[in-house]
Amino acid sequence: MAAAPDRVLGVVIGVVVLAALALTTWTADLPRNRRTLATAGVISGTTGTASGIGGPPIALLYQRESGPRVRATLAVFFIAGALLSLLTLAAAGRLPARQVVAGVELVPFVFAGFLAAGPLRRYLDAGRLRVALLAVVGTSAAVLIVRNLF
């Protein structure tokens with residue numbers, strides 16, 4: 001992955017996410033076992049570090065679960081995944097200070113999202129979570145593709 005140009009890598013990851021989205025949308029529930037969780041975790045860590053969208057593999061694996069389970073799983077996954085990605089990038093010398101500053105500047109928006117989540121959670125838990133989750137996965141992939149094409 002390190003040898004591929006960033007733009008090509010972004011487009012490829014976006015296309016693969018869209019393909020996985022299409023496949024999982026019309027297939028039966030994927031089993032969550034050690035093998036599927038480990039595979040999704042490795043793919044998520046790799047794509048998250050390489051392109052910034054690491055959530056889709058785990059989100060697609062949990063798309064048919066209840067809202068509380070999806071939220072709890074993704075929260076733990078994103079915290080652990082972000083820390084591992086940051087440590088890996090820092091160890092490789094690929095974490096510029098300006099990126100750290102930009103991340104710190106976004107912290108207030110995390111809190112704003114947390115506050116907005118209460119009313120949104122009730123709306124999504126009324127049978128709309130899966131559609132919303134698939135929409136976010138698809139939008140993330142499409143934005144990644146467009147951003148890397150232009």
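In the predicted model, the axes of helices α5 and α6 come within 4 Å and cross at roughly 30°. Axes here are lines fitted to C-alpha atoms, for helices over the stretch in contact, with angles running from 0 to 180 degrees between N-to-C directions. Helices (H or I, at least four residues) are DSSP runs numbered from the N terminus. The crossing angle makes α5 roughly parallel to α6, a label given to angles under 35 degrees, whereas those over 145 count as roughly antiparallel. In this contact (heavy atoms within 4.5 Å), G103, V104 and E105 of α5 meet V107, P108 and F109 of α6. These residues divide into four nonpolar, one polar and one charged; Ala, Val, Leu, Ile, Met, Phe, Trp, Tyr, Cys and Pro count as nonpolar, Asp, Glu, Lys and Arg as charged, and the others, Gly among them, as polar.

The model is predicted, so local features need pLDDT of at least 70 and side-chain atom pairs count only at pLDDT 80 or more, while totals for chains, interfaces and linings use all residues. Residues are numbered from 1 along each chain as its sequence is written, and side-chain values use heavy atoms, with hydrogens and water left out.

The contact involves residues of α1 including D6, R7, G10 and V11, and residues of α7 including R130, L134, V137 and G138. By class, 12 nonpolar, six polar and four charged residues take part in the contact of α1 with α7.

The largest pocket has a volume of about 1,800 Å³. A pocket is an open set of points on a 1 Å grid over the protein atoms alone, where a 1.4 Å probe fits, with protein on both sides within 12 Å along at least five of seven lines; lining residues have an atom within 4 Å of a point. Grid points are joined across faces, edges and corners, and a volume is the space filled by probe spheres set on the points. Of the 47 lining residues, G48, T49, G52, S85 and L89 are the closest to the centre of the largest pocket. Helix α4 provides the largest share of this lining, 10 residues. The lining of the largest pocket comprises 25 nonpolar, 19 polar and three charged residues.

The second largest pocket has a volume of about 740 Å³. It is lined by 22 residues, of which R71, L74, F78, A117 and L124 are the closest to its centre. Helix α6 gives the most to the lining of the second largest pocket, with eight residues.

Note on methods
Helix = DSSP H or I, 4+ residues; strand = E, 2+ residues; numbered from the N terminus. Parallel < 35°, antiparallel > 145°, perpendicular 65-115°, else oblique.
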